[in-house]
Amino acid sequence: MNSMNQQDVLREVFGFEDFRPGQGQVVERILAGESALAVFPTGAGKSLCYQLPALMLEGMTVVVSPLIALMKDQIDFLVGKGVKAARMDSSLSAEESRKVWDDLWQGELKLLYVAPERFSSERFLNRLRRSRVSLLVIDEAHCISEWGHNFRPDYMKLAGLAVELEVERVLALTATATASVAADICESFDIGPQAYVNTGFHRPNLVMHMTPCTPELRDERLLKRLHSPTRGATIVYVTLQKTAEQVAAQLVKAGFPARAYHAGLDPLERHEIQDQFMGGEQAIVVATIAFGMGIDKSDIRTVIHYNPPQSLENYMQETGRAGRDGQVSHCELFLCPEDIATLENFSYGDTPTLEAVSGLLTELMAQADEFDVSVYDLAARFDIRNLVLSTLLTYLELDGVLRAMGPHYNEYKFQPQRPSVEMLAGYDEERRQFLKKLFAQAKKGRTWFTIDLAAAAESMGEDRKRLVTALNYLEEKGELLLKVAGLRQAYRFVQRPSSIDELSQRIYQRFLNSERRDIERIEQVVALSESPECSVRQVLAYFGESLEGDCGHCDRCLREEIPPLPGQSERALSQKEIQAIQKVCAEGHQALAHPRQVARFLCGLSSPAASRARLTRDPRFGSMSHHRFATIAKGAEDYCR
Ligand code: ADP
Ligand code: MG
């Protein structure tokens, strides 16, 4: 396709007459060999910005996305056009996955889609080191920034990897980036100002309504909005799964075709609801934020936030699903003071205690220069959530203390596809003996053989690596099916810290800062919904965009009367509640030793240690969730210590 120019490829491969706003500019920069950042709203066509150059550049384009499951259609489309495109994720069958590895090995792939965690695989990295990666695409690039609302630790490492893998250029894509997030991305990937293309956030066809109210009023206003003759396909966003169920039931009772959608439903049911929504002009889905990503429906007329979003970025992204066809659509945000505590508590659930951080670091620092750990096991023992623990380990990497050596599995399970005599026939004597010994180490279960690698290597006097290579090789040959278990992460010390205390403080502070930023983001949503000024103008200002005048059609501009936010329902702890807190403390649960742990428990925020101790089934778990986290933590601090 090298002889074709951009316009030809656009027309002949993709079937589009023209570029959409921003696309041409991004493609230009990429083809000129520069890295670029594209900030376009969802649905504006970010994918084309890499798909088109991918076909024109020599070498391979690697697309990193946390949502590759949603990119199946895109890949099918490309494959249908004769493009060698594939994805690598855990949903592939053994056979499909082998095919992708083969193509990758042969250097035949033009486009490869992977999830970010794939980069912690040594095998994958080794392969990429030997490939020519002409373009690395980072979808949802705001995840790399700690200033972003959706920071992901494995994204933080991508900048270093881009350099290490000598990728020729990087394209970062996102629909939501404040000025500081954009600056962070540009700095991380060395993107110049000329290659930062932002098509703007203003969506003049969306009419914004902000409604602070009591829960009773909210239900009334919701029905009123849904009865509007122009409501069309509607999404109602809620924070909790149980709210999705409750509100959907309530709407069905009122005669609406509403369905609840959340991550707790089984995948089949979720697909069914989604398909129904895609096809329906009047469908209503009451959903947690699990709904909407990858939904490409242009005629959604109404988006309602029954509970407020976590941040203005979320607000933008969620309301941005309305009116993609450019027709007038309505977005309404309800804000009840009760909801603020629920949102805030989500942030508090993540922050580990200083004791947990320093306990963990003390244990890590006592390890040999090379060691491996099970994140799952550490998370439970130190009562730090899995994702938070991974973040902590990533901080240690970025601080130059550790270097990840990739995940490995200590336990392999395999199922031979033909008798071992036949399998072994093709090898020379040395290899045959080796494989025989290896098989002898395996324990036979009903259908699978299990092998403990560390133990097998030790007893065979072989290097663990040779065992892994052999098993993977046999799997690639189709001789056996392979499964892995007992995931462990290997690390090497780069530089041991001079003071564990100082390091613990620094890392703990980092978590506290991130908690504070989360809380501030919620405060910004509250401030927006209470403000008498033009809503659209304020949201745009947050994203660094200035609107000439007021939007002229949000409810603030239309001078609808603005109901004040009802008084905060937060009250002091009652005598009975104080006694209840004291009782929990006095019971001396190991998983509830710290005031923060007590507050998590009473607010209903699960944590690894509390779950293990089955405390999440205690009737008091979540019994004070109407209180703010800080109130209970302070109660436990004041009355129990
Ligand atoms: P984003 O990733 O920005 O949310 P996508 O890349 O998924 O958006 O594109 C959304 C839709 O727009 C897709 O259906 C795509 O085929 C279509 N599209 C993209 N570019 C063009 C174009 N230049 N002309 C017409 N349609 C386009
Ligand atoms: Mg996209």
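This is a predicted model: local features need pLDDT of at least 70, side-chain atom pairs count only at pLDDT 80 or more; totals for chains, interfaces and linings use all residues.
Residues are numbered from 1 along each chain as its sequence is written, chains are lettered from A and ligands numbered from 1 in the order in which they are written, and side-chain values use heavy atoms, with hydrogens and water left out.

Let's start with the open sheet of seven strands, which pair in parallel in the order 3-4-2-5-6-1-7. Strands here are DSSP E runs of at least two residues, helices are H or I runs of at least four, and both are numbered from the N terminus; two strands pair if DSSP finds at least two bridges between them. Strand 3 (85-88) and strand 7 (196-198) are the edges, each pairing on one side only. Ignoring direction, neighbouring strands are turned by 15° against each other on average. Inside the sheet, strand 1 (residues 36-39) runs parallel to strand 6 (residues 170-174), joined by four bridges; V39 has T174 in strand 6 as its bridge partner.

Now for the helices. Helix 3 (residues 48-56) packs on this sheet, touching strand 2 (60-64), strand 4 (111-114), strand 5 (133-138) and strand 6, where contact means heavy atoms within 4.5 Å. Its direction makes about 140° with that of strand 4; axes are lines fitted to C-alpha atoms, for helices over the stretch in contact, and angles run from 0 to 180 degrees between N-to-C directions. Helix 9 (residues 179-188) lies across strand 1, strand 6 and strand 7, at about 155° to strand 1.

On to ligand 1. There are 13 residues around it, with D18, Q23, G43, K46 and S47 coming nearest; a residue counts as near if one of its heavy atoms lies within 4 Å. A backbone N or O atom of D18 sits 2.9 Å from a ligand nitrogen atom. Polar backbone atoms also face ligand oxygen: 2.6 Å for G43 and 3.1 Å for G45.

Finally, the other open sheet has five strands in the order 14-18-15-17-16, with antiparallel pairing. Strand 14 (370-373) and strand 16 (443-444) stand at its edges with a single partner strand each, so one side of each lacks a neighbour in the sheet. Strand 15 (residues 402-416) and strand 17 (residues 449-452) pair antiparallel over four bridges, and K413 has T450 in strand 17 as its bridge partner.

Notes:
A polar contact is a pair of N or O atoms within 3.5 Å; within protein, one must be able to donate a hydrogen and the other to accept it, and residues adjacent in sequence count only if both atoms are side-chain atoms.
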